[in-house]
Amino acid sequence: MAFDPGVVHAKYLEERDKRLVPGRAAIRDLAHDERVAGFRADPFTPRTEREPVTDDPDVVIVGGGIAGLLAGAHLRKAGVGRIRIVDAAGGVGGTWYWNRYPGVMCDVESYQYLPMLEELDYVPTRRYAFGEEIRQHLQAIADRFELLSDALFHTEVTQSVWNDKAGRWTVHTDRGDRLSCRYYVLAVGILNLMKLPVVPGMDDFAGRAFHTARWDYDYTGGAPGEALTKLGDKAVALIGTGASGLQALPPLAESARHVYVFQRTPSAIGVRGNRPTDPSFAAGLAPGWQKARMDNFQSIMLGRAVETDLTDDGWTHHYAAVQNPPRTKGASIQEFMRNAEELDFGIMEEHRRRIDQLVTDPDVASALKPYYRYLCKRPCFHDEYYDAFNCPNVTLIDCPAGVERITERGPVVGGQQYEVDCIVYGTGFEAELTPLQRRVGHDIVGRGGISLARKWADGAASLFGMMSRGFPNMFVMPAPGQQSVVTVNYTQIAVLGAEFVSGVVSLLEKQGVEVFDVNAEAEDDWIRQIVETYVDPSAVMAACTPSRINNEGNPGGVRARDTNFGRGFGDYFAYRELLETWLASGELDGLDLA
Ligand code: NAP
């Protein structure tokens with residue numbers, strides 16, 4: 001298809017409309033619906049009984065993933081003694097604890113994504129690390145900063161209440177624990193709630209069903225990185241072709257008798273180019289290299305000129321190009337928009353051509369082609385996904401309106417029953433824009449009995465996206481759409497958040513402050529800045545295929561307060577400078593201190 005805007009628009013809208021069907025975003029209530037309670041169970045670590053804990057740590061951190069571990073490590077470096085991490089998982093790692101499906105891999109370069117590489121004197125073994133290596137590295141951070149012995153795993157916070165008299169938080173858990181802490185840190189992650197679609201009849205399925213974030217190796221055999229030895233006589237339905245589903249397909253295709261891949265929307269899947277780390281790369285790294293590499297990547301993401309593109313991958317080539325289309329001097333807005341669209345179209349055509357080159361059956365190739373603008377969905381990258389469709393035991397079931405229903409024998413699409421032994425739901429997670437209070441999953445009661453859910457009912461309300469008035473001595477790790485900024489490399493914003501939290505705590509301790517709260521003017525001013533810089537992208541995003549990025553086809557439903565510092569994804573470098581300058585002044589401006 002040569003670039004004819006009219007034709008391209010029509011094709012993209014036609015593909016969008018096939019998917020804009022009522023109920024497409026409906027999800028099961030995993031927290032309360034007993035019929036799906038089993039989907040949440042931890043298949044990796046047996047739950048052991050223990051006595052309730054009653055004590056008074058300095059800090060309680062909710063969440064032992066990247067953000068929580070970094071907060072813990074930096075607080076430890078700042079001299080904080082007693083830190084308790086509380087996590088529903090059976091160990092640390094967060095998303096990397098739960099996501100152990102075969103083929104799970106980081107989609108951002110490992111040299112930037114794995115935190116604290118220099119401190120731990122570690123260089124990942126591959127350009128894009130597999131999940132197990134990431135999990136072990138996070139475990140090593142927890143070990144190094146002694147965060148494990150006091151951690152409470154398989155434990156969920158049920159309520160936390162600020163006690164003004166004591167100047168402390170009281171944290172209650174489902175194990176009967178009662179922790180009284182000086183500082184409370186919410187590090188619950190951004191895609192922490194598994195999503196299971198509502199498909200009529202799904203509870204009737206008689207075989208084994210699980211989500212990619214709870215892979216059942218007892219059933220499939222094998223382990224991460226090994227063959228799935230028990231699937232040789234089994235037919236498997238894989239529902240979902242986002243980053244998780246597509247990574248799981250090649251190992252499934254290798255081991256299962258048959259795999260039916262149920263695709264609602266094809267992902268745009270670029271070249272991964274994974275390879276082992278070259279020993280000369282590791283040998284040539286100079287002190288400060290990891291931060292410099294992260295900054296280089298982030299500069300490219302923001303369209304800034306760099307001398308060398310150190311990452312040199314699909315993110316820096318395609319994603320950055322589409323995010324920051326070239327501006328020609330003297331060009332009108334219309335010309336700019338047209339050029340941007342043509343650039344986007346060229347990149348999507350490259351993706352579509354790649355499918356023709358790799359997939360031998362032209363009908364399958366055609367069904368795998370994505371038709372939407374590149375940024376409508378989070379881009380994916382993989383080197384073996386398309387090859388899997390050339391295997392005789394892999395069948396693509398294209399179902400733009402989703403799986404119709406599921407019977408006791410398996411999924412039904414277009415009236416046809418697909419008989420399977422097992423259903424793998426690669427159906428993802430609730431969007432980043434899910435409000436904090438839902439992602440946190442417990443009631444947080446601040447000064448005067450106000451709950452965070454009530455205070456944030458009309459949108460986030462914070463200073464710097466990390467502290468909120470009425471919730472003294474509490475920090476929220478920065479997250480997209482939560483009045484901070486977005487970085488494609490999530491670790492980079494988590495590092496900044498952890499450095500900020502430990503920086504504030506150090507200042508408070510040095511100045512003998514026991515309790516801080518955000519003052520009203522400072523919070524109002526921050527909210528004003530967020531709201532003023534918000535540019536509603538719904539005109540462009542409404543033409544997108546529905547996805548979590550455009551609020552499932554309802555892009556106008558985003559509130560200006562639930563956005564970022566600066567336009568779009570926000571300006572990471574301006575935000576960092578602002579936080580660093582604020583910390584360096586030592587004034588704790590905008591905080592009421594007692
Ligand atoms: P996802 O991108 O949300 O994909 C979910 C898939 O399930 C989509 O293909 C979706 O189709 C499909 N689906 C949902 N309901 C369905 C239904 N009723 N019938 C048929 N198909 C249905 O989730 P994910 O793949 O788990 O990835 C989530 C995010 O996690 C990624 O965007 C990324 O940020 C992160 N992630 C990262 C890595 C990594 O390499 N670092 C790996 C995995 C995940 P539609 O597209 O039509 O909605």
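Angles under 35 degrees count as roughly parallel, over 145 as roughly antiparallel, 65 to 115 as roughly perpendicular and the rest as oblique. The close-ups below come from a predicted model, in which local features need pLDDT of at least 70, side-chain atom pairs count only at pLDDT 80 or more, and totals for chains, interfaces and linings use all residues. Residues are numbered from 1 along each chain as its sequence is written, and side-chain values use heavy atoms, with hydrogens and water left out.

**View 1. Helices H16 and H19 side by side.** H16 (residues 490-510) and H19 (residues 572-585) have axes that come within 10 Å and cross at roughly 15°, so the two helices are roughly parallel to each other. Here an axis is a line fitted to C-alpha atoms, for helices over the stretch in contact, with angles running from 0 to 180 degrees between N-to-C directions. Helices (H or I, at least four residues) and strands (E, at least two) are DSSP runs, numbered from the N terminus. H16 brings Gln492, Ile493, Leu496, Glu499, Phe500, Gly503, Val504 and Leu507 to the contact, and H19 answers with Tyr572, Tyr575, Arg576, Leu579, Trp582 and Leu583; contact means heavy atoms within 4.5 Å. By type, that's 10 nonpolar, two polar and two charged residues (nonpolar: Ala, Val, Leu, Ile, Met, Phe, Trp, Tyr, Cys and Pro; charged: Asp, Glu, Lys and Arg; polar: the others, Gly among them).

**View 2. Helix H2, mostly under cover.** The 12 residues of H2 (residues 66-77) reach 16 Å from first C-alpha to last, close to the 16 Å expected at 1.5 Å a residue (the expected span is 1.5 Å times one less than the number of residues). Of those 12 residues, 11 are buried, including Leu69, His74 and Arg76. Buried means under 20% relative accessible area, exposed over 50% and partly exposed in between, with a 1.4 Å probe and protein chains only. After H2 comes Gly79, with a positive phi near 95°.

**View 3. Two non-glycine residues with positive phi.** Most residues other than glycine have a negative phi. His154, though, has phi near 45°; look for His154 in the loop between helix H5 (131-144) and strand E4 (157-163), where His154 is buried at 9% relative accessible area. Glu552 also has a positive phi, about 55°, and is found in the loop between helix H18 (538-541) and H19.

**View 4. Around Arg168 in strand E5.** Arg168 belongs to E5 (residues 168-173). Setting aside neighbours within four places in sequence, Arg168 is in contact with Asp56, Pro57, Val161, Trp162, Asn163, Ser180, Cys181 and Arg182. Tyr184 is 16 residues from Arg168 in sequence and 8.7 Å away, C-alpha to C-alpha.
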